[in-house]
Amino acid sequence: MFLSLLTFFILTAPGAIHEADGISMYEVTKSIIEKGDFSVPSENVLGTPGLFGKSYSPFGIGQSILAIPLYVLGKVLAAGVGLEPRFMTKFTVSLFNPIVTALTCILISKFCQRFGLSLKTSIPISILYGLGTMAWNYSKTFFSDPLAGLLILGSAYIISLSINGKYMRNIALSGILLGVAVTTRIASIVAIPAFLIYLWSISPKSHRLERFLRSVTLFSSIITFFLILVGVYNYVRFGSIFNTGYTYEYAGFETPLLQGLYGFLLSSGRSVFLFNPILILALIPIPKMFREHRKEFILFSLIVVSHLILYSTYRYWHSNPVWGPRYMLVAVPYLMILVGFLLENLKTKGMAIMVAFLVILSFFIQVSSVLVIYQRYYYDIFLKYEDSYLEKIIYEPRYSPLIGQWREIEFVRQKSLERGLLKAMAQKQLTASEPQFESSKERIAHLLQSNVFYNSFHFWLLYLYYFGFPLKMIIGIFSVLLLYLIRRWQ
């Protein structure tokens with residue numbers, strides 16, 4: 001199932017990195033390989049001035065290191081086919097989150113089975129996560145949220161197995177995964193109390209305090225080791241173990257809690273339930289999971305709530321421009337597992353109809369986000385309203401991306417008929433140097449008018465066609481991947 005899901009996510013991947021965060025982390029990977037340091041270009045890349053007059057990415061080092069094998073693969077392939085390494089390495093690194101998302105799907109299935117749910121439930125739940133939630137959209141990015149979510153989920157899964165034996169080994173493995181999550185996104189530290197509470201709950205009643213102290217000492221020592229690595233990484237870049245590179249502009253936590261909660265749960269432009277309607281079903285089996293798996297339910301709840309509260313107070317809780325509540329992606333797997341408890345015990349026709357409706361609705365919402373690059377709609381609204389555009393997108397239903405994205409799809413559909421124009425755009429991007437702009441408004445207007453990624457459907461095989469690759473080769477690649485996917489499913 002992993003290979004089937006991975007093939008699907010690769011088929012729908014863009015083959016490029018567009019978001020500022022992703023480009024910044026890619027440049028760190030590139031710098032490690034090419035220059036042996038952590039610096040990023042000072043122009044056109046998100047970075048913070050640091051030591052030695054260099055600029056450094058403010059994001060965690062974890063994902064940049066884990067992407068090194070894909071970067072090296074890109075260099076090897078580029079040398080083999082005669083392409084510029086900068087294109088091939090971005091392509092191979094962009095496949096990082098398809099791999100991560102496919103692994104997350106498998107882990108969700110394993111967790112469902114761990115709770116006694118049947119394969120007839122656990123497999124559809126994992127597929128619904130991949131195709132019916134915003135995870136599909138984020139598989140097309142190089143954001144670090146999918147990786148952090150996978151690592152925390154993996155940590156929770158392994159530590160939950162401690163009840164069945166291999167207690168200390170599982171605690172060590174769980175600590176390692178959570179530690180890597182911290183190096184990926186420092187905000188992952190908010191999940192640590194949830195794991196400590198869980199360790200207390202699973203400690204044997206005989207000698208509970210002694211066993212708890214032993215397990216906490218091991219778990220905390222491992223987390224401390226990774227925190228030291230984060231501190232060292234900060235020090236070599238900025239001269240302080242506490243300076244992550246986030247400037248005050250991006251590091252504030254003064255958003256009123258209720259405003260952030262409303263945004264994540266109810267707003268028309270960021271609600272986790274509107275962008276992932278299937279998750280509404282997670283509210284129904286809460287009592288059942290609480291009765292049957294109370295310890296794990298508390299672990300799940302604390303992980304979800306800790307992230308929800310943290311990001312609800314974050315200055316840029318909306319993480320604009322993104323698809324849906326990006327910072328809540330880490331919570332989606334736990335909610336999908338709850339949905340599994342409902343699907344396992346569907347008893348009425350009415351409930352089955354509601355489930356089917358929400359599944360179909362969720363799927364089509366995600367389809368809208370993967371057909372066309374989601375930034376296009378944000379940029380359109382920005383050019384029209386500038387300073388007030390974000391308020392409109394988040395809080396005014398008629399400006400919600402859930403509606404606006406379909407207009408962009410229609411625009412791109414019409415634009416796709418002008419194949420000659422799109423090919424000319426692509427060729428110009430290959431040969432011309434990136435122009436300089438006096439304002440972000442000029443840059444955005446240029447992207448919408450002259451960048452092939454913003455004027456065609458968002459798939460790498462289609463981009464190959466516009467960039468001049470032979471059509472027979474593209475059809476051959478597509479056919480091989482599609483036939484493999486069909487055979488794997490059979």
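Visitor: Leaving aside its neighbours within four places in sequence, which residues is Gly22 in contact with?

Guide: Gly22 is in contact with Ile17 and Phe142, where contact means heavy atoms within 4.5 Å. Before we go on: this is a predicted model, in which local features need pLDDT of at least 70 and side-chain atom pairs count only at pLDDT 80 or more, while totals for chains, interfaces and linings use all residues. Residues are numbered from 1 along each chain as its sequence is written, and side-chain values use heavy atoms, with hydrogens and water left out.

Visitor: Thanks! Where does Gly22 lie, and is Gly22 buried or exposed?

Guide: Gly22 lies in helix 2, residues 20-34. Helices (H or I, at least four residues) and strands (E, at least two) are DSSP runs, numbered from the N terminus. Gly22 is buried, with a relative accessible area of 0%. Buried means under 20% relative accessible area, exposed over 50%, and partly exposed in between, using a 1.4 Å probe and protein chains only.

Visitor: How far apart are Gly22 and Gln63?

Guide: Their C-alpha atoms are 9.8 Å apart in space, and the two residues are 41 apart in sequence.

Visitor: New topic: helix 22. Which of its residues are buried?

Guide: Pro401, Leu402, Gly404, Gln405, Glu408, Ile409, Val412 and Lys415 are buried there. They cover an arc of only 155° around the axis, so they sit on the same side of helix 22. That arc is taken from the directions from the helix axis to the C-beta atoms.

Visitor: And what do those buried residues pack against?

Guide: They pack against helix 15 (272-275), helix 19 (349-371), helix 20 (375-385), helix 21 (389-395) and helix 23 (419-431).

Visitor: Where do I find Asn44?

Guide: Look in the loop between strand 1 (39-40) and strand 2 (48-49). Asn44 counts as exposed, at 54% relative accessibility.

Visitor: What about Glu386, where does Glu386 lie?

Guide: Glu386 is in the loop between helix 20 and helix 21. Its relative accessible area is 31%, so Glu386 is partly exposed.

Visitor: Last one: where is Phe242 found?

Guide: Phe242 is in the loop between helix 12 (208-238) and helix 13 (248-251). Phe242 is exposed, with a relative accessible area of 72%.
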